[in-house]
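Please look over the structure shown below before reading the report that follows. The report begins with the ligand and its surroundings and then turns to the chain and to some of its elements.

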Amino acid sequence: MFHRRETIPVKVGNLTIGGSNDVIIQSMCTTKTADVKATVAEIHRLEDAGCQIVRVTVNNKEAAEAIKDIKKQISIPLVADIHFDYRLALMAIENGIDKVRINPGNIGRREKVEAVVKACKERGIPIRIGVNAGSLENHLLEKYGYPTPEAMVESALYHIRILEELDFRDIIVSLKASDVPMAIAAYTQAASTFKYPLHLGITEAGTLFSGTVKSAAGLGALLSMGIGSTIRISLSADPVEEVKVCRELLKSFGLITNAATLISCPTCGRLDIDLFSIANEVEDYISKLKVPIKVSVLGCAVNGPGEAREADIGIAGARGEGMLFRYGEMIRKVPEAELLSELKKEIDLIVEHYERT
Ligand code: SF4
């Protein structure tokens, strides 16, 4: 487990972001929020995949009203994404939202900001300040000339101070940029400037392939420094993919304790079985497991036994068959056609064992 930088803990529904808590996985619905049925269905799919907090856009009255019905049908905390309109924030709060993403400096007159802060305080609802390199305040663009990490941190401080002046400290901050080095620099500076928990993200990262690489590069660098209390991967794809990538990234740093890991070889000329299909099927099979087991899928016996020793369960291929390993011991040989089903049975047994103990 990478040491996490200590931050102020902030409660969001039944979860706490920051402090010494695990990094929390978030995603955002792609549905029209007012379409309660579609939104709830998408949230259930996200929750199944391991999403812990979900955000919806609240861009009109209908969306704000829908929150009440959505909340009744989901169990993870719900966040309202609001730009400028304080009345939508008040409606979302009234309807039971768990967190509001709004920049106080963009709300307008002081009494409007005060109304939102007062409503959040009364219900114990935190506010996420979302700084975005692409929409910095004019006074900062005039000062810095163009978006810079320093300008982003100054923007965060500008919004933070507005909330602190109103004695509000349930604050979470994001500093998103689509430029990876800029995002890394902004988050690093922010982490040494204030103690509010940071919500990590590379904005407009791209498609499933390019966005995953870009996000892993940027957010991986930050996670390795112990920065980040909550995370969202932004992809032009089904948001379930965002959650899967988040889990995989957190696993890489030992920051998730309830996920299974796949070890699979790249294959080479020694291969005698259809390893790619098996590895993909196993990856899919274990993706929803909530236990920290390691499964290895190796093409041959050259590295198989060695790698299998590191795993709870694994296979090593041979000509037309495979060896099944459990905790480093070969337990039996299985014909290739039965390799996958036998491995799944063994995975189920290990999962059962974990769940019992
Ligand atoms: Fe090649 Fe075997 Fe190594 Fe896979 S485990 S890369 S098949 S030598």
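## The ligand shell

Which of the twelve residues around the ligand come nearest? In this predicted model, those residues are Cys265, Cys268, Gly299, Cys300 and Asn303. Sorted by class, the shell around the ligand consists of seven nonpolar, four polar and one charged residues.

An unreviewed UniProt entry lists Cys265, Cys268, Cys300 and Glu307 under "binding site". Of the residues in that record, Cys265, Cys268 and Cys300 are also among those that come nearest to the ligand in the model.

## The setting of Cys300

Cys300 is placed in the loop that runs between strand E12 (294-298) and helix H11 (304-310). Is Cys300 buried or exposed? Cys300 counts as buried because 21 other C-beta atoms lie within 10 Å, where the cut-off for a buried residue is 20 or more.

When residues up to four places away in sequence are left out, Cys300 touches Arg270, Leu271 and Asp272, and also Ala316, Gly317 and Ala318.

## The chain as a whole

The chain holds twelve helices and 15 strands, and its C-alpha trace spans about 75 × 45 × 35 Å along the principal axes. Since a compact globule of 357 residues would have a radius of gyration near 21 Å, the 23 Å found for the chain agrees with that expectation. Of the 357 residues, 46% count as buried; among contacts with a separation of 6 or more, 62% come from residues 24 or more positions apart.

As for confidence, the chain has a mean pLDDT of 94, with 98% of its residues at 70 or more, while the predictor assigns the complex an ipTM of 0.99 and a pTM of 0.92. Where pLDDT is low, predicted coordinates should not be read in detail.

## The annotated domain

The unreviewed UniProt entry gives residues 8-247 as "domain: IspG TIM-barrel".

Glu150 is found in helix H6 (residues 149-165), and it counts as partly exposed because it has 14 C-beta neighbours inside 10 Å. Although Glu150 and Gln189 are 39 residues apart in sequence, their C-alpha atoms are 7.7 Å apart in space.

Which residues of helix H3 (residues 86-94) are buried? They are Tyr86, Leu88, Ala89, Met91, Ala92 and Ile93, and the elements that cover the buried residues of H3 include helix H2 (61-73), strand E5 (78-81), strand E6 (99-101) and helix H4 (110-123). Just after H3, Gly96 adopts a positive phi of about 100 degrees.

The loop between E5 and H3 contains His83, which is partly exposed because 16 other C-beta atoms lie within 10 Å. His83 and Ile43 are 40 residues apart along the chain, and a distance of 22 Å separates their C-alpha atoms.

Conventions
Residues are numbered from 1 along each chain as its sequence is written. This is a predicted model: local features need pLDDT of at least 70, side-chain atom pairs count only at pLDDT 80 or more; totals for chains, interfaces and linings use all residues. A residue is near a molecule or strand if its C-beta atom, placed from the backbone, lies within 6 Å of it. Ala, Val, Leu, Ile, Met, Phe, Trp, Tyr, Cys and Pro count as nonpolar, Asp, Glu, Lys and Arg as charged, and the others, Gly among them, as polar. UniProt positions are given in the numbering used here, feature names are shortened, and annotations may be inferred rather than shown by experiment. Helices (H or I, at least four residues) and strands (E, at least two) are DSSP runs, numbered from the N terminus. The radius of gyration is taken over C-alpha atoms; the globule rule is 2.2 Å times the number of residues to the power 0.38. A residue is buried if 20 or more other C-beta atoms lie within 10 Å of its own, exposed if 12 or fewer, and partly exposed in between; C-beta atoms are placed from the backbone. Two residues are in contact if their C-beta atoms, placed from the backbone, lie within 7 Å. pLDDT is the predictor's confidence in each residue, from 0 to 100.
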